[in-house]
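Subject: Structure handover

Hello,

Here is the structure I said I would pass on. Please look it over before you read my notes.

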Amino acid sequence: MNISFIGSGNVATHLALAFYRRGHRIDQIWSRDIGHAQLLASRVEAIPIDDISHLATSANVYVLAISDNALFDLALDLRLGDALVLHTSGATSMEVLKHTSKHYGVVWSPQTFVRDVALEYETLPFCIEGCTPKTEDQIAELVSSVSTQVFRINHRQRQYLHLSAVFVNNFVNGLYGMAQEICRQQEIPFEVLYPLISTTAQHIKWGDVRYQITGPAVRNDTKTINAHRRLIANMPEELAVYDQLTKYIQDHLKF
């Protein structure tokens, strides 16, 4: 396939490299910043452009790996005929692309993409959706050249999966940040917690997470809970989070 990318950020970089390494030809990389376009284009033997009017219409596939706001704006102007046009947003309907081509859809992975952090693409889950069954089959064939983990998920399911991803990634990272700050204030190396973090993540694979929960909340250990609360009494935001999560575990996750 000949693929052009609109966008040159983290997602575009990972997808362009993944497709390039699987033998697809990357035609063009567009970015408002020509330097960013040149950086990615040099890694996949593509042509960098910073003027959307210079986007050639000869590619088989166009991947719009850009922010949701930019996606809405560009989708109004692009007319790509019979090409397959995909966006990479977890929250936006594929219908935003309905005027760009007869064949459009979504390819999205519930993963955090960091530009220079390698990923195992073969086992990376990709969620796809197409405007017709035939288009969805075409998307599946394309993505299957990169990953063995391809899931056909509709827009509503993708919205809920995106929401779930925020809980397990963004919110958890927020909690890590709180724990890191507590350790910093007490001059404790945060890396002491690395094995616990790793083990907890591995245990999730064992089944129902409710059965994996340990700690004072699930034991209703009020003595330890109150001791914890006293330790962060001068940290109102952390205390509020501690109280809310303790209550949630006791109300919903206790067996």
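Overall

This is a predicted model. The protein has 255 residues, and 37% of them are buried. Nine helices and eight strands make up its secondary structure. Along the principal axes, the C-alpha atoms fill a box of roughly 70 × 40 × 30 Å. Among contacts with a separation of 6 or more, 49% are between residues 24 or more positions apart.

Strands

Strand 1 covers residues 2–6. Four of the five residues in strand 1 are buried, which leaves the strand mostly covered. Which strands does strand 1 pair with? One is strand 2, residues 25–30, which runs parallel to strand 1 and is joined to it by four bridges. Within that pairing, Phe5 stands opposite Ile29. The other is strand 4, residues 61–64, also in the parallel sense and over four bridges. Here Ile3 stands opposite Val61. Strand 1 also belongs to a β-α-β unit with helix 1 and strand 2, and this unit is right-handed.

Strand 6 is mostly covered as well, with five of its six residues buried. Strand 5 and strand 6 run parallel and are joined by four bridges. The bridge partner of Leu86 in strand 6 is Gly105. Four bridges also join strand 6 to strand 7, residues 126–130, but that pair runs antiparallel. In this pairing Val107 stands opposite Ile128.

As a reminder for viewing these strands: in a regular strand the side chains alternate between the two faces of the sheet.

Thr88 sits in the loop between strand 5 (84–87) and strand 6. Is Thr88 buried or exposed? Its relative accessibility is 12%, so Thr88 counts as buried, the cut-off for buried being under 20%. Leaving aside neighbours within four places in sequence, Thr88 is in contact with Val11, Leu15, Val63, Leu64, Ala65, Ile66, Val107 and Trp108.

Glu45 has a positive phi, near 55°. Glu45 is found in the loop between helix 2 (34–44) and strand 3 (47–49). Glu45 counts as exposed because its relative accessibility is 62%, and exposed means over 50%. Asn220 also has a positive phi, of about 55°, although it is not a glycine. Asn220 lies in the loop between helix 7 and helix 8. With a relative accessibility of 40%, Asn220 counts as partly exposed.

The largest pocket has a volume of about 2500 Å³. It is lined by 44 residues, and the closest to its centre are Val172, Leu175, Thr200, Leu245 and Ile249. Which elements give two or more residues to this lining? They are helix 5 (155–185), helix 6 (194–203), helix 7 (216–219), helix 8 (222–231) and helix 9 (236–252). The largest share, eleven residues, comes from helix 5. By class, the lining of the largest pocket has 30 nonpolar, twelve polar and two charged residues.

The second largest pocket holds about 850 Å³ of space. Of its 28 lining residues, Ser109, Pro110, Gln111, Thr112 and Ala165 are the closest to the centre. Helix 1 (10–21), strand 6 (103–108) and helix 5 are the elements that give two or more residues to this lining. Helix 5 gives the most, with eight residues. The lining of the second largest pocket has 16 nonpolar, eleven polar and one charged residues.

Helix 5 contributes to the lining of the largest pocket and to that of the second largest pocket. Strand 6 contributes to the lining of the second largest pocket, and strand 6 is also joined to strand 5 and to strand 7.

Regards

Terms used
Residues are numbered from 1 along each chain as its sequence is written. This is a predicted model: local features need pLDDT of at least 70, side-chain atom pairs count only at pLDDT 80 or more; totals for chains, interfaces and linings use all residues. Side-chain values use heavy atoms; hydrogens and water are left out. On a 1 Å grid over the protein atoms alone, a cavity is a set of points where a 1.4 Å probe fits but cannot get out, and a pocket is an open set with protein on both sides within 12 Å along at least five of seven lines; lining residues have an atom within 4 Å of a point. Grid points are joined across faces, edges and corners, and a volume is the space filled by probe spheres set on the points. Ala, Val, Leu, Ile, Met, Phe, Trp, Tyr, Cys and Pro count as nonpolar, Asp, Glu, Lys and Arg as charged, and the others, Gly among them, as polar. Buried means under 20% relative accessible area, exposed over 50%, partly exposed in between (1.4 Å probe, protein chains only). Two strands pair if DSSP finds at least two bridges between them. A crossover is right-handed if, with the strands pointing away from the viewer, the path from the first strand over the helix to the second runs clockwise. Contact means heavy atoms within 4.5 Å.
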